[in-house]
Structure formats: C-alpha cells, structure tokens
Amino acid sequence: MSDIEIAQANEATAMWPITKVAAGLGLSEDDLELYGKAKAKLSFSALNALKDKPFGKLVLVTSINPTPAGEGKSTITVGLGDALQQRGKHPVIALREPSLGPVMGMKGGATGGGYAQVVPMEDINLHFTGDMHALTTAVDTLAALIDNHLQQGNTLNIDPRRILWKRALDINDRALRHVTIGLGGPTSGVPREDGFDITVASELMAVLCLAENIADLKARIGRIVIGYTYDRQPVTVADLKVTGAIAMLLRDALKPNLVQTLEHTPAFIHGGPFANIAHGC
C-alpha cells in the first residue's frame, strides 16, 4: 500500500477523536479549540495552566538525509514516538507544519511515511488549521501598509529602494521572485521593485515560532526592520504603528495544533520555518 492508502484506511476505520487523544495528555475538551473531529488547537488558558508543570525529557531528531525510500526526520520522529508508546512511556511528538510549496513539488508531503505517519494526512499537508494562510495574510498586510505609507506622504522618509520587506505566497512561483509594483498612475501607489518569498521563509514565520505568548509575539514583530530611510536609518514595524494589527492576524496561529499518529501517539504540528533545524523546531 502507498503512504496515502495507508493513511486513508486508518482515517476511515481507526483514527480516534482528537478529544480522546487529548484526554491521554490530561486535557479536557474545554482546553481545546476543535477543528472538526480529528484536529484541535490548544487554548491560551490551557497553555497558561501548563506553564508551571515540570519539563519532560526532550529527544531531538535532527539533520538526517532521507533514504531513497523517504525515511527522514519526520518518519523517524513518528516511528520513535510510537515505539516509546509501545514501551509504556508517554511520548508527545512535535513536527513543523508542511509548506504547500514542497507539498506541490518534488519533495511531496511532510507527515511521515508507511506506518509511521501523522493523520489526517491530507488535511495536515494542505490547509490544516489555517496557520499558513494567516501568516501569508500577515506578511502581505504589512507589505500593503508599507506601500500605503509611501503613498500617503512617507512621513518616516522611507527609501523605496531600501525596503527589505517582501510579500509572500506559500507556493513555489519563480515568476514572482522579482516584480515591479505600483504601476498604473498616481492612485496605484509608488512604483518600486519588490518580490515574493515563500511564506515559510518569511521573518514572521521565524518570529511566530520563537514567540512564547502574545506579548512576546508583539514585541518581536515590533522590532522587525522593514527597510531604511534616505539617511540609511532603520525603520521598524513599531515605527509604522501597525504592530497590533499584524499580531492580531497571527493570534490563532500562535496556538499549537494537536493531531495523532496512526498508533494514536499525540502529535503537535505547529510552525514551519525554513531552516527549521536552526530554530530547534
């Protein structure tokens, strides 16, 4: 059977309700924000209640080149978690969220393989709980606000040639890496060179994965340098006074996503930065 056939067969007959998986972690339905029967986010109140609990043991699976059969970090992590559960331990695995770019490209999905998979596989690999879309919207909202600032008088004296912030799209589209925007006359903005990054390579993704809570998220967003003035002084998101608006778009994306493996081991799949090893994710 192929990976997708194995996953679909499990989802049809053996997958537990996510509330049952959460109960094994000592979490009640009130601690969850349900996305159907198989996916949930942990609420901020549940996260706050866990703050003072003792840490468990951390096993880091890192820097492994996939075999020709496709066994890489994700497959090893899922298999190890299931094996520990079989030995009577209480593991929880943590993986980063897949990006639609690699999913739609040669690499494919990022939920493991064979009988070492997390499910629901298609949901996780595609839109999941909407975190990637929230990040894309936040990145592009900030880009639009920068261009609106230029259009409305540019009181911060931003040099359009030295804007660092790019737009984002969570798909591989090389035609958008370098673009010219603001064409079409005075009502269409200030013409300048721009470009699109893939969402998971954006600085906001890195910030989301490093933030401990909403307050920390806002502080980190506010410090992002979006470009430089004509005097070559840095301009931050805080200077634009839009920190709260960008953080608001990421509020739900900050909450961890809970799913399960084929053997019902709890799995948190949250955040998806490129260079994920460097983040320790």
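**Labels and their rules**

Zero aromatic pairs are counted here, where a pair requires ring centres of Phe, Tyr or Trp (its six-membered ring) within 6.5 Å; planes under 30 degrees apart would be stacked, over 60 edge-to-face and the rest tilted. This is a predicted model, in which local features need pLDDT of at least 70 and side-chain atom pairs count only at pLDDT 80 or more, while totals for chains, interfaces and linings use all residues. Residues are numbered from 1 along each chain as its sequence is written, and side-chain values use heavy atoms, with hydrogens and water left out.

Q: What makes Lys20 count as lying over the face of Trp16?
A: The rule asks for NZ of Lys or CZ of Arg within 6 Å of the ring centre and within 35 degrees of the ring normal. Lys20 is 4.1 Å from the ring centre of Trp16 and lies over its face.

Q: Why are α8 and α9 called roughly antiparallel?
A: Helix α8 (residues 203–210) and helix α9 (residues 214–222) cross at roughly 150°, their axes coming within 9 Å. Angles under 35 degrees count as roughly parallel, over 145 as roughly antiparallel, 65 to 115 as roughly perpendicular and the rest as oblique. The α8 and α9 pair is therefore roughly antiparallel.

Q: Which residues of α8 and α9 meet?
A: Leu204, Val207, Leu208 and Leu210 of α8 meet Asp216, Leu217, Arg220 and Ile221 of α9, contact being heavy atoms within 4.5 Å. Six of these residues are nonpolar, none polar and two charged.

Q: What is the omega of the bond that joins Val119 and Pro120?
A: Omega is about 5°, and the peptide bond is cis. Pro120 sits in the loop between β5 (116–119) and α6 (121–125).

Methods. Axes are lines fitted to C-alpha atoms, for helices over the stretch in contact, and angles run from 0 to 180 degrees between N-to-C directions. Helices (H or I, at least four residues) and strands (E, at least two) are DSSP runs, numbered from the N terminus. Ala, Val, Leu, Ile, Met, Phe, Trp, Tyr, Cys and Pro count as nonpolar, Asp, Glu, Lys and Arg as charged, and the others, Gly among them, as polar.
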